[in-house]
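User: I would like to learn how to read the surface, the fold and the aromatic contacts of a model. Can we take them in turn?

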Amino acid sequence: MYNLAQRLKAYIETHPFDVGDSNNETVLDQLYQAYAESRESDPPEIQAGFAELENFLETLPLDDNNAVFNLCCRLCTFYEYKAFLDGLQYGAHLMSELLRTETE
């Protein structure tokens, strides 16, 4: 395990993170952006939820409709981003635990 950590550290030192033209400051941010852009469309459950939301929003004036819809979308995006990062962290911890039990 120590050898793997040394090799990873050497790789990181010789291959610095380049954000390019992106606004992303971290590798995790860049991974999330690639994930978010790679999905073709929302699953049926989310599409149905937005249709239901639209039914409620139809009764509001346009400015209020837009404000509520945009807030909802921002909250969904923040939650999706948090879930993505949490999933990566859980995966990393799982790999650590599996490797630890393998060497014991």
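Predicted model: local features only at pLDDT ≥ 70, side-chain atom pairs only at ≥ 80, totals over all residues.

User: What is the pattern of the protein chain along the sequence?

Analyst: It reads α-α-α-α. There are 4 helices and 0 strands.

User: How does the radius of gyration of the protein chain stand against that of a compact globule of 104 residues?

Analyst: A compact globule of that length would come out near 13 Å, but the protein chain has 20 Å. The C-alpha trace spans about 60 × 35 × 20 Å along its principal axes.

User: What share of the contacts joins residues at least 24 apart?

Analyst: Take the contacts between residues at least 6 apart in sequence; 38% of them join residues at least 24 apart.

User: Now the rings. What describes a pair of aromatic rings?

Analyst: Two quantities do: the distance of the centres and the angle of the planes. For this model, a pair needs centres within 6.5 Å, and planes over 60 degrees apart count as edge-to-face. The count comes to 5 aromatic pairs. In one of them, the centres of Tyr-32 and Tyr-81 are 4.9 Å apart and the planes stand at 85°, so this pair is edge-to-face.

User: Why does the pair of Tyr-32 and Tyr-81 tie together parts that are apart in sequence?

Analyst: Because Tyr-32 lies in helix 2 (residues 27-38) and Tyr-81 in helix 4 (residues 62-103). The parts are 49 residues apart in sequence.

User: Is Tyr-32 buried or exposed?

Analyst: Buried means under 20% relative accessible area. Tyr-32 has 11%, so it is buried. Tyr-81 has 28% relative accessibility and therefore counts as partly exposed.

User: Which geometry does the aromatic pair of Tyr-32 and Phe-84 have?

Analyst: Edge-to-face again, with 5.5 Å centre to centre and 65° between the planes. This pair also links distant parts of the chain: Tyr-32 is in helix 2 and Phe-84 in helix 4, 52 residues apart. Both Tyr-32 and Phe-84 are buried. Now join the rings up. Tyr-32, Tyr-35, Tyr-81 and Phe-84 form one aromatic cluster.

User: What does Leu-31 touch, beyond residues up to four places away in sequence?

Analyst: Leu-31 touches Phe-84 and Leu-88. Leu-31 is in helix 2. Its relative accessible area is 42%, so Leu-31 is partly exposed. Leu-31 and Leu-85 are 54 residues apart in sequence, with their C-alpha atoms 9.4 Å apart in space.

User: And Phe-69: what is in contact with Phe-69, leaving aside neighbours within four places in sequence?

Analyst: Phe-50, Leu-53 and Leu-57 are. Phe-69 belongs to helix 4. With 29% relative accessibility, Phe-69 counts as partly exposed. From Phe-69 to Glu-54 is 15 residues in sequence and 8.3 Å in space, C-alpha to C-alpha.

Terms used:
Residues numbered from 1 in each chain as written. Heavy atoms only, no water. Phe/Tyr/Trp six-rings, centres within 6.5 Å; stacked < 30°, edge-to-face > 60°. Helix = DSSP H or I, 4+ residues; strand = E, 2+ residues; numbered from the N terminus. Buried < 20%, exposed > 50% of the residue type's maximum accessible area, 1.4 Å probe, protein only. Rg over C-alpha atoms; globule rule 2.2 N^0.38 Å. Contact = heavy atoms within 4.5 Å.
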